[in-house]
Amino acid sequence: MSHIVDQIKERLKARSGKEYWRSLEELADTPEFQEMLHREFPEGASEWGDGFSRRGFLKLMGASLALAGATACTRQPAEKIVPYVRQPEEIIPGRPLYFAGAATLGGYATGVLVESHMGRPTKIEGNPDHPASLGATDIFAQASVLEMYDPDRSQALTYLGNISSWAAFLARLNECMIVHRKYPTPGDGLRILTESVTSPTLAAQLQEILTALPGAKWHQWEPVNRDNVLAGARMAFGEPVSTHYNFRNADIIVSLDSDFLNYGPGTVRYARDFAARRKVEGGKMNRLYTIESTTTNTGAMADHRFARKAGEIGGIAQALLNAVRGTSTGIEKWIAVIAKDLAANPGAGIVIAGDHQPAEVHAAAHAINELLGNAGKTVFYTDPVEADPSARLQSLRLLVDDMNRSQVETLIILGGNPVYNAPSDLKFAEALSRVGTRMHVGLYDDETSYLCHWHIPQAHALESWSDARAYDGTVTLIQPLIAPLYGGKTFHEILAAMMGSDRSGYTIVQDYWKKLHPENFDHFWRKSLHDGLVEGSAFPPKTVTAKADLPPAATGSGEGLEIQFRPDPTIYDGRYSNLGWLQELPKPMTKITWDNTVLVSPMTAKRFALSAEDVVELNYKGRKVTGPIWILAGQPDDSITVHFGYGRTRAGRVGTGAGFNAYSLQTAGAPCYDSGLELRKTGSKYQLASTQMHQMMEGRHLVRSAELDEYLQHPDFAREVEETPADDMTMYPPYKHDGYAWGMTIDLNACVGCNACVVACVSENNIAVVGKDQVRRGREMHWIRVDRYFKGELEDPEIYHQPVPCMQCENAPCEVVCPVNATTHSAEGLNDMVYNRCIGTRYCSNNCPYKVRRFNFFLYSDLQSPSLKLQRNPDVTVRTRGVMEKCTYCVQRINHARIEAEKENRTVRDGEITTACQQVCPAEAIVFGNIHDPESRVSLLKKEERNYGLLADLNTRPRTTYMANLKNPNPELKEG
Amino acid sequence: MPQIFHRSANTISKFSIFGALFVLAALVYVTYGVNMSSYITQAGVAREQPVQFSHAHHVGQIGIDCRYCHTSVEVSNYAGIPPTKTCMNCHSQIWANSEFLEPVRASFRSGKSLEWVRVNDLPEFVYFNHSIHVNKGVGCDTCHGKVNRMPLMWQHASLQMAWCLDCHRKPEKYIRPKEEVFNMDYEQPDNQLEMGRKLVKEYNLQLAILTNCSTCHR
């Protein structure tokens, strides 16, 4: 049989025009795919696994019928009501409170509001006043509430693996400190290892220790770091300035392997600003060129996407710089065209380089931005946001060297998991064993704590007082929502304990700010806490000048296959390994859950005769790891991407054992990418759980897209594709909706495919995690999914994202087939789902053309773990086995808002109700509201020409409609 | 061949076939009756509490307003059970040494909550909101009964869905002027239906929504 890639090429040739496709199997139209398509659920999803004889079945049915009547006669067991002894002033039982705070990733803060139900944080929302959030968050912030309640978090302070006490730890710490103080250079042999620090208080505390103990040293390690960014700034400006961007003012954006819509400080804000400029205003929208080394969400948004090996991007950056300077000839045409486009929009362009590209690429980007006058208009420089902007890798290397030379007597590790995530050639674990006293403070009892004498449970961000800076320097004071569940301590308290003080986190943070704001401190403190940011704390923009003689970026890449290391799109560097919400979140491009893969391009797959799920051995400089192959369209040839975060050995019940460990290939010499990889097929297969073929709606015009010119000439293009039946074409009498009629629009032009809506929905609606085996059977429970479509050629596809929640059809196919009226049409047009009535026939799901209904094949909700009970939203029923469920447009929020409005004798205002997916969306792609109100945002959007209904030809009359996607390609780069 | 059955078997079989109908009907009747009975619903069954608090005394005799203790009834879905502090507002002064009230004082001293037995207990999949009901003219005693005459608290109504729907379908049968909501001695006027219809209009009750599944279940 010919390779799948050949089959596809053949078929593509035979087809006319560009078509949308989701997976290679679909394109090749393999028998397996046909089989998949004709099933409601994948094979086995709707089958009873146990071998049951007919007789056994009848016996059981008879018995259950006889007992069914008896079950109705149960009385509810008596419940207790436990009121407060002294009720706190603000708390009204049954109504949540919101507290401002921040979620940090890599040290950088995103402002959040935390919903708290009588002392239990249950949901994270973005803080609309915070510059890095503007009301939205990323997936990690959403999942941080689960992290806090994770039953696998370390729950006890341990010494040599045995439970110990805080007092015992303090005594030991004190002994160590006395020894270190007595050295000729006080502090000799004492080392502190942290992750990236932006917290002003923590930085001041560290500084205090380093001043008091000059021999002590502070190291930082962060596996997904910004070393290259800072080195690039040093190279270009001679100082490690922080760079941030204003995408709202950018007409032309060039991404040099930067996934700015998905990663890095400020990404949520960037997505908002970028998406705002995808709206056509005055016949114009922004244009994004992406040159990238693996298929990313940023590439999916691009108007022109160029897949190049990571090692080739330096040369492209250099060529682009030369073209902008006009100093060189013989530049490839497409680079010259980009340069021309940039030059035509001075002060309104952005060139942004990816974090894993070397310093020279960043320096070149800085130089281009300066030449084009973008600096100060779309690109801003400030003092470094990080407390110590020195290179993380260098810092870790120094620590390892000192440990190997036995110069480290006491090592205090504040967070992080270097034993797992340090580059393998540093042999961190080996070096660590030479340290006399090793202390680890962390959320989990992980690989690192296992090799440390002491492990101290860390207080989660939602349990502690702290502060942190955002991408532009804005400080947020972080307040606890709940007392530490497991007696955790904050870094502040550990550092204070080192200095012999028993101050609490609260006093430490407050004292720091008191010094800066001695006057009217109480007002300052309360206001900053309430607002979620310290007013005026953003760093002022700095004027810096790029050096004229920048070292040229390396051109071309070495021989052989290239290997690239990237943070995982859902579990990042491995710190979120144990969060089921993120493990089960389909990765934006591959739609794989619960695993990482070896990503190869179709042509590379053909060269090595690989197909998906083949296990290969990767051999890089003698380091070997085996992992399953996934063929990803748009991946550059001969370049292989592996993601961090998997292959954990001590992550917890959820994360341990999933995937392979990419860190074991990584070296300190080339932490981001390198050539010289060898790949060998092992011959075995590994089953992956990818959802890309689940819930298919094959062969219809689901995603609609046009180029800007086309749109301007034919604004109606999305509606011309298929016919929408007339209003009277129905057998049923029309519903009368006198009051509200809820509806939604999803703008495919704005959606950046970040998946935040999925996690927000899981968090808001108590959606269960089902596990890899169940996902493989197509039983994932997500109420909203983000479908990813490719269009066109295998090597260079266009990529589209389409979030699909319940359409809340006006003529709902699900409603008419339910034998027990468990799904009914509400007076406001929702397809209500009544769990307590559902008997699990699954007829509704069978009849749903959008495949948005989810069935509880088993008891997926964890009803046992006490901590997880606290996390649940009390306004939403926790579903049990045998019940169908689906998106309800967050009916609990609708009811709440309606009741509040009714009490005030008014109607619900537009924008008063936001669904969870809408609220979290960084791109503001989702708009919800009353379609009876002609002035509501959703009504206005539905009137736009781009608006179209999914499968509207079926006469389902969906309440959720889509705004067609637009691309804005450069006419000069169009083929032909 | 001799007959296996006596001739009278005919009569017996006819009678038992005919009788089975009655037996079945009786079974349905009994099941229904048991299900609606206070054995299942617990309506009318007084509950023993950690402190034998008497609404009859506090509301009926002293005349304390419902909202003195159930503070959140107008703003939240929960009416709210008073914290121990509320009891101690008075009982630190009066009956301050009563043996009867020792659990209250113990709670106040130790900071450990009193654990009351829930009297009106809806299933977990029902989302009832007190505030909207009292704001739309549903009196406390419409659902809770004449609390001012209950020495120990009991559940007044069956709290079954049919009972909820009775009012959700025809609120005019029960609605009263808003200012009478907390009046325990309120009696329905003779022209209840007429007044009810007027109030339903005046208070802008969304009748179409009242019987939506998602109004109570979600």
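Helices (H or I, at least four residues) and strands (E, at least two) are DSSP runs, numbered from the N terminus. The structure is a predicted model, in which local features need pLDDT of at least 70 and side-chain atom pairs count only at pLDDT 80 or more, whereas totals for chains, interfaces and linings use all residues. Residues are numbered from 1 along each chain as its sequence is written, chains are lettered from A and ligands numbered from 1 in the order in which they are written, and side-chain values use heavy atoms, with hydrogens and water left out.

In chain A, helix 18 (residues 491-498) is mostly covered, 8 of its 8 residues being buried (under 20% relative accessible area; exposed is over 50% and partly exposed in between, with a 1.4 Å probe and protein chains only). Among these buried residues are A:F491, A:I494, A:L495 and A:M498. The helix is followed by A:G500, which has a positive phi near 75°. Most residues other than glycine have a negative phi.

The interface of the two chains brings 49 residues of chain B into contact with 42 residues of chain A (contact means heavy atoms within 4.5 Å). About 4100 Å² is buried between the chains, 54% of it on carbon and sulfur atoms; buried area is the accessible area (1.4 Å probe) that two parts lose on being put together, summed over both. On the side of chain B, the most area is lost to chain A by B:R118, B:C213 and B:R218, together 16% of what that side buries. The count of salt bridges between the chains is 3, a salt bridge being a side-chain nitrogen of Lys or Arg within 4 Å of a carboxyl oxygen of Asp or Glu. One of the residues named above, B:R118, forms a salt bridge with A:E79, with the closest N and O atoms 3.3 Å apart. A salt bridge also joins A:K80 and B:E115 (3.9 Å, N to O). This pair crosses from strand 2 (residues 80-81) of chain A to the loop between helix 6 and strand 1 of chain B, and B:E115 is partly exposed at 35% relative accessibility.

Over all chains, the structure holds 61 salt bridges. A:K217 and A:D402 form one with closest N and O atoms 3.9 Å apart. A:K217 belongs to strand 9 (residues 217-220) and A:D402 to helix 14 (residues 392-404) of chain A, so the pair ties together parts that are 185 residues apart in sequence. A:K217 is partly exposed at 40% relative accessibility, whereas A:D402 is buried at 6%. In the salt bridge of A:R575 with A:D573 (2.9 Å, N to O), A:R575 is partly exposed, with a relative accessible area of 24%, and A:D573 is buried at 2%. A network of salt bridges links A:K123, A:E125, A:E764 and A:R893.
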